[in-house]
Amino acid sequence: MRFLVTAVALFMTFPAFAQDLDGLRYHRSLFSRYFTDTSGQQIPKSEVRSLLKTQPRALKYYQRGRSLRVWSVATALPAALLIGTGVGLMVVGDGEHDRMPNEHPNRDFGNPVRSELEGPSGIRNFGAILAGSGVLLGAAAVWFDHRASVQFRRAANRYNHRHSTSVRFVPARRSLGVRAVLTF
């Protein structure tokens, strides 16, 4: 009796077309990422999650991919803000273009230690630093997005009972340089 109730509950959680699903594929382009069945019809994320609940390893890769996708968005937004702020500061400069270059009020000329942010190019330098930080953070966001796509593709392959392979480049163990690691 308990088995029958469990089987009916599982049957009710899956949509009708998912019962005869032959395989699961993951498609990624520049602005769209989605799962499809073997015929190419798009499957909503909620149904993909319910399909993957039957296979724990596939669900683990799916959840890891979702986590990496969240990190990708969480780093891409501040990267865009840093780049925008940095470019804005570089364009605006310090706003004091009409002052003579040698005219510095309230400056102690006997002090050999001077701030690098003083002078007409200080704000521009700070803007360049912000923009460069945004570019580095943007590169991290692209890497997180790529790793999330690899995890989603791995989840689809585990659902199809296929082992997925990927090549990663990591630092070498015993010497300088990088080595390629083949993951099954």
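Modeller: Let us start with R33, which counts as partly exposed because its relative accessibility is 27%, and please keep in mind throughout that this is a predicted model.

Colleague: Which residue forms a salt bridge with R33?

Modeller: The partner is D145, and the closest N and O atoms of this salt bridge are 2.9 Å apart. Since D145 lies in helix α4 and R33 in strand β2, the pair ties together parts that are 112 residues apart in sequence.

Colleague: And D145 itself, buried or exposed?

Modeller: D145 counts as buried, because its relative accessibility is 8%.

Colleague: How many salt bridges does the count come to?

Modeller: The count comes to three. R69 counts as buried, at 18% relative accessibility. Salt bridges that share partners join R28, R33, R69 and D145 into one network.

Colleague: What is the N to O distance between D145 and R28?

Modeller: It is 2.7 Å for the salt bridge between the side chains of D145 and R28. R28 lies in strand β1 (residues 24-28) and D145 in helix α4, so this pair ties together parts that are 117 residues apart in sequence. R28 counts as partly exposed, with 40% relative accessibility.

Colleague: Changing topic, how many aromatic pairs does the structure hold?

Modeller: The structure holds seven aromatic pairs. One of them is F35 with Y62, whose ring centres are 6.0 Å apart and whose planes are at 50°, so the pair is tilted. This pair links distant parts of the chain, with F35 in strand β2 (residues 33-37) and Y62 in helix α3, 27 residues apart. Both F35 and Y62 are buried.

Colleague: Which aromatic pair has 6.2 Å centre to centre?

Modeller: That is W71 with F144, a tilted pair with 40° between the planes. W71 lies in helix α3 and F144 in helix α4 (residues 122-159), so the pair ties together parts that are 73 residues apart in sequence. F144 counts as buried, at 18% relative accessibility.

Colleague: Which residues do ring pairs link into a cluster?

Modeller: The cluster consists of Y26, F35, Y62 and F152, linked by ring pairs.

Colleague: What sits over the ring of Y61?

Modeller: The charged end of K60 does, 5.1 Å from the ring centre, and R154 also lies over the face of Y61, at 5.5 Å from the ring centre.

Colleague: R154 is a name I noted elsewhere. Which residues does S166 touch?

Modeller: Leaving aside residues up to four places away in sequence, S166 touches R154, V181, L182 and T183. S166 is found in strand β4 (residues 166-171) and is buried, with a relative accessible area of 14%. S166 and T183 are 17 residues apart in sequence, while their C-alpha atoms are 5.2 Å apart in space.

Colleague: Last topic, the surface. Which residues form the nonpolar patch?

Modeller: The patch is formed by I83, V87, M90, V91, V92 and V135, which together have about 500 Å² of accessible area. Helix α3 (residues 56-92) gives the most to the patch, with five residues. I83 lies in helix α3 and is partly exposed, with a relative accessible area of 32%.

Key
Residues numbered from 1 in each chain as written. Predicted model: local features only at pLDDT ≥ 70, side-chain atom pairs only at ≥ 80, totals over all residues. Heavy atoms only, no water. Patch = residues over 30% accessible without salt bridge, like charges linked within 9 Å, V, L, I, M, F, W, Y side chains within 5 Å. Areas by Shrake-Rupley, 256 points an atom, 1.4 Å probe, with all protein chains shown as cover. Salt bridge = Lys/Arg side-chain N within 4 Å of Asp/Glu carboxyl O. Helix = DSSP H or I, 4+ residues; strand = E, 2+ residues; numbered from the N terminus. Buried < 20%, exposed > 50% of the residue type's maximum accessible area, 1.4 Å probe, protein only. Contact = heavy atoms within 4.5 Å. Phe/Tyr/Trp six-rings, centres within 6.5 Å; stacked < 30°, edge-to-face > 60°. Lys NZ or Arg CZ within 6 Å of the ring centre and 35° of its normal.
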